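This report sets out the computed geometry of one protein chain. Please consult the sequence and coordinates shown below alongside the text.

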Amino acid sequence: MNGKQITKLGFEKKAIGLAVAAAAVREGAGLERGAVLDELRAVQADPAAYLAGGVYAALAAELSAQHAVNESKKGAALLGAPLPYGVWGADLIEPGARAQMDVAMRLPVTRAGALMPDAHVGYGLPIGGVLATENAVIPYGVGVDIGCSMRLSVFPIQPDALKLEEARTLLLKHTRFGAGVAFEKRERDDHAVLHEGTWEDQPLLGHLFEKAAAQIGSSGSGNHFAEFGTLSLAQPDLGLDAGNYLALLSHSGSRGFGAQVAGHFTALAERLHPHLDPAARKLAWLSLDSEEGQAYWQAMNLAGRYALANHELIHARLARALGVDVLASVHNSHNLAWKQQVNGQELIVHRKGATPAASGQLGLIPGSMADPGFVVRGRGHADALASASHGAGRQLGRKAAASTLVKKEVAAYLKGRGVTLIGGGIDEAPQAYKRIEDVISRQSDLVDVVARFTPKVVRMDSGSQDI
DNA sequence: ATGTCC
């Protein structure tokens, strides 16, 4: 028996030599060439049946390995062209974000998608990207800050009744900002989310519990904020009369806990997809049929509840300090994946910096530290997968903002709008963001504006370069 | 986004 006959049977690479060697043994034992070829065909047809032992075991193992690689490559191949997807505010979106969305729309697990008008480049899926997949979840389709969210509390207080100095003092006393920060031990609050049994369901969660318990109620860094301002209702809504109210708006996420969950599972997804096209490496997914996919789903949802708990504590502390009950509140997550019916099929809808906007659903879309934010009500637009933007969106990256913006101009912008800033890096300057009015105007078919929030006293992380 | 390795 020679290599040519073996190759003709369809054996490849290392399997050729192993098949030749096994055939020589069988011919040596007196078998006719035709019978040996039949045996080789049988091994090829069902390698698993020959793995246990015998002359064909090594060949069967190699064939099984080759089969697994081929299946993996087949399952990881990108579509030749992106599936079509809706884009809102295309004139506001940089080409890089479109290119990232195009790659996401070529994943074999993708079924639908949309790009919101605040879109800009991120890791894997662009910020402002909405992606619907079938039976698969993409850790970087959710993002690093799992469960990043917004909360608004409206108080029974006239906006001018809270003096500037008192607002500053309250924010400094009751919020904590910065990477790695936590409340001092005696200041630490408790929350029901810390008493869930979920923490004991995975070693990773158990390991991260102490960090989560230490950081609960804190706000983090980057674009996270807590701010007092004026909520203006032109018409009665949210259970409130029309008018102006003192309100608190916060943007916070799942802190170190969520970041570690995201890092762990995206690395795991990448390892499980070694044959994924390098262009889509950061979009590696986990099947919801797999143990890993179920573990991510559980951890992601816990991080989502934890992030909302952070907001609840921030708002509870400040409401208590003000000595009032909250009149009305709105909250929404904008970095998360949800099970959602899309064209009659249950899909996994990832929103990475996108506000859920089902028909009638309330949401919050902030502008910047010195620009208005909006309470919106979703219109449930099917092509947008019932979503809207999560903010104004960056028009300058962090580095570009730090190198091009001038402190003096940022200070003038704040002064012109009567905004007092505590902390705040220059990379978060209003000039680093798109104009919120433009972004809102591009999505009038996705949401209706319910109310306007005008920031007055804003606290953010100091970052490396204060304004 | 996060003390940049779970």
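What volume does the largest cavity have? The largest cavity has a volume of about 30 Å³.

## Basis of the model

This is a predicted model, in which local features need pLDDT of at least 70, side-chain atom pairs count only at pLDDT 80 or more, and totals for chains, interfaces and linings use all residues. Residues are numbered from 1 along each chain as its sequence is written, chains are lettered from A and ligands numbered from 1 in the order in which they are written, and side-chain values use heavy atoms, with hydrogens and water left out.

## Overall architecture

Chain A holds 13 helices and 17 strands; these are DSSP runs numbered from the N terminus, helices being H or I with at least four residues and strands E with at least two. The C-alpha trace of chain A spans about 100 × 50 × 45 Å along its principal axes. Of its 467 residues, 53% count as buried, where buried means under 20% relative accessible area, exposed over 50%, and partly exposed in between (1.4 Å probe, protein chains only). Among the contacts in chain A with a separation of 6 or more, 76% are accounted for by residues 24 or more positions apart; a contact means heavy atoms within 4.5 Å.

The accessible surface of chain A amounts to about 19,800 Å², and carbon and sulfur atoms contribute 52% of that area. Accessible areas come from the Shrake-Rupley method with a 1.4 Å probe, and for residues only the protein chains shown count as cover. Chain A carries 46 positive and 47 negative charges, whose mean positions are 5 Å apart. Lys and Arg count as positive and Asp and Glu as negative, while His and the chain ends are not counted; each charge is placed at NZ of Lys, CZ of Arg, CG of Asp or CD of Glu.

## Cavity and pocket

A search of the whole structure finds 1 cavity of 30 Å³ or more. On a 1 Å grid over the protein atoms alone, a cavity is a set of points where a 1.4 Å probe fits but cannot get out, and a pocket is an open set with protein on both sides within 12 Å along at least five of seven lines; lining residues have an atom within 4 Å of a point. Grid points are joined across faces, edges and corners, and a volume is the space filled by probe spheres set on the points. Leu152, Leu249, Leu364, Ile365, Gly373, Phe374, Val375 and Phe453 line the largest cavity. The elements giving two or more residues to that lining are β13 (362-365) and β14 (373-378), with β14 supplying the largest share, 3 residues.

The largest pocket has a volume of about 1,200 Å³. Its lining comprises 47 residues, and those nearest its centre are His120, Ile127, Asn223, Arg394 and Arg398. Two or more lining residues come from each of β2 (110-120) and α9 (255-272); α9 gives the most, with 3 residues.

Ala386 is buried because its relative accessible area is 13%. Most residues other than glycine have a negative phi.

Arg317 lies in helix α10 (residues 291-322) and counts as buried because its relative accessibility is 6%. Beyond residues up to four places away in sequence, Arg317 touches Lys173, His174, Phe183, Glu187 and Asp189.

Asp445 is located in the loop between α13 (436-441) and β17 (447-460), and counts as partly exposed because its relative accessibility is 32%. Leaving aside neighbours within four places in sequence, Asp445 is in contact with Trp88, Arg379 and His381. Leu79 lies in the loop between α4 (57-76) and β1 (86-87), and is partly exposed because its relative accessible area is 32%. Not counting residues up to four places away in sequence, Leu79 touches Met105, Arg106 and Leu107. Leu79 and Gly10 are 69 residues apart in sequence, with 27 Å between their C-alpha atoms.
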